[in-house]
Amino acid sequence: MGKVVFRCVECNEKATELHRDYSNGILKITICESCQKPVDKYIEYDPVIILIDAILCKTQAFRHILFNTTLNIHWKLCVFCLLCEAYLRWSLLQGSEQSSDPADIIRYTKEWDFYGMFGLAALELAAFCGGVLWFLWVTVGVLRGGEPELGLLLRALLLSCYGKILLIPAVIWEHDYSPLCLGLIKLFVLTSNSQAIRVILNSSRRLSLMAVCMGLLSETCVAQALERLPRNIQDVLTFE
């Protein structure tokens with residue numbers, strides 16, 4: 001079995017260890033041979049501090065999470081974020097059909113609408129990730145002769161969608177879902193996606209932004225295509 005390779009959070013150079021364990025429980029953080037700084041200062045930080053730095057889109061925090069941890073919750077996080085987005089869409093759909101009767105049970109009997117919204121959200125996310133990965137495969141793999149790690153890129157994209165969790169407070173406190181609020185959440189998610197791509201590829205900001213734009217274009221095309229489906233097919237997808 002090959003050695004686990006870590007990355008310096010400061011300069012992105014490879015390292016074989018994050019710390020050295022001496023006798024009597026004494027730990028010494030490994031110093032990077034390239035930049036002469038600690039390979040990963042975050043191993044001593046509280047998880048809350050790491051989360052705050054990740055929210056601020058700090059490169060060092062992203063490198064720590066993506067390279068130096070065994071955080072494998074990306075699929076669970078993906079499903080959770082899709083549930084948040086599906087519930088938001090379902091709430092908007094039900095909100096347009098509300099009656100004045102407080103005992104109206106129609107809102108609670110249309111659960112199939114929620115499943116349909118979940119499917120639509122999943123398709124749009126798949127289109128976004130597919131567009132980003134295809135663009136990076138073409139630009140980095142074909143045109144530049146590199147070997148992009150598509151599996152690692154997909155994990156980074158899914159983890160960087162954590163911003164969709166911000167929809168939960170809006171749902172709990174019955175926010176009116178203003179376009180400004182939703183637009184800011186979307187912008188934050190796309191910014192995190194761009195930063196994750198930069199960290200994985202150690203590339204320029206322009207390349208990561210172009211990849212995100214390609215993914216967004218792919219997602220928009222899929223969303224518009226679904227809206228233009230014949231009414232009877234769309235009813236099947238949304239269970240109306």
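User: In which loop does Asn12 lie?

Analyst: Asn12 lies in the loop between strand 1 (6-7) and strand 2 (14-15). The elements are DSSP runs numbered from the N terminus, with helices being H or I runs of at least four residues and strands being E runs of at least two. The model is predicted, and local features need pLDDT of at least 70, side-chain atom pairs count only at pLDDT 80 or more, while totals for chains, interfaces and linings use all residues. Residues are numbered from 1 along each chain as its sequence is written, and side-chain values use heavy atoms, with hydrogens and water left out.

User: What is the phi of Asn12, and is the residue buried or exposed?

Analyst: Asn12 is not a glycine, yet has a positive phi of about 70°. Burial is read from relative accessible area: buried means under 20%, exposed over 50%, and partly exposed in between, using a 1.4 Å probe and protein chains only. Asn12 has 9% relative accessibility and therefore counts as buried.

User: Which phi does Gln36 have, and where is Gln36 placed?

Analyst: Gln36, also not a glycine, has a positive phi of about 60°. Its place is in the loop between strand 4 (27-29) and helix 1 (47-55). Whereas Asn12 is buried, Gln36 is exposed, with a relative accessible area of 55%.

User: How many disulfides are counted?

Analyst: A disulfide is a covalent bond between the sulfur atoms of two cysteines. The rule applied here requires a pair of cysteine sulfur atoms within 2.5 Å, and by this rule the count comes to zero.

User: How many aromatic pairs does the structure hold?

Analyst: A pair of aromatic rings is described by the distance of the centres and the angle of the planes. Rings of Phe, Tyr and Trp (its six-membered ring) pair if their centres lie within 6.5 Å; planes under 30 degrees apart count as stacked, over 60 as edge-to-face and the rest as tilted. The structure holds four such pairs. One of them joins Tyr87 and Trp90, whose ring centres are 5.6 Å apart with the planes at 40°, so the pair is tilted. Both residues belong to helix 3 (residues 74-95), three residues apart, about one turn of the helix. Tyr87 is partly exposed at a relative accessible area of 29%, and Trp90 is buried at 9%.

User: Which pair is edge-to-face, and which parts does it tie together?

Analyst: Tyr162 and Phe188 form an edge-to-face pair, with 5.7 Å centre to centre and 85° between the planes. Tyr162 lies in the loop between helix 6 (150-159) and helix 7 (167-172) and Phe188 in helix 8 (residues 179-201), so this pair ties together parts that are 26 residues apart in sequence. Tyr162 is buried, with a relative accessible area of 18%.

User: How many salt bridges does a search of the whole structure find?

Analyst: Side chains of opposite charge can pair when their charged atoms come close. A salt bridge is a side-chain nitrogen of Lys or Arg within 4 Å of a carboxyl oxygen of Asp or Glu. The search finds seven. Among them is the bridge between Arg20 and Glu17, at 2.6 Å from N to O. Arg20 is partly exposed at 43% relative accessibility, and Glu17 is partly exposed at 22%.

User: Which salt bridges does Glu85 form with Arg89 and Lys164?

Analyst: The side chain of Glu85 meets that of Arg89 in a salt bridge of 2.9 Å, N to O. Arg89 and Glu85 both lie in helix 3, four residues apart, about one turn of the helix. Glu85 also forms a salt bridge with Lys164, with the closest N and O atoms 3.2 Å apart. This second pair links distant parts of the chain, since Glu85 is in helix 3 and Lys164 in the loop between helix 6 and helix 7, 79 residues apart. Salt bridges that share partners join Glu85, Arg89, Glu124 and Lys164 into one network. Glu85 counts as buried at 14% relative accessibility, and Lys164 counts as buried at 13%.
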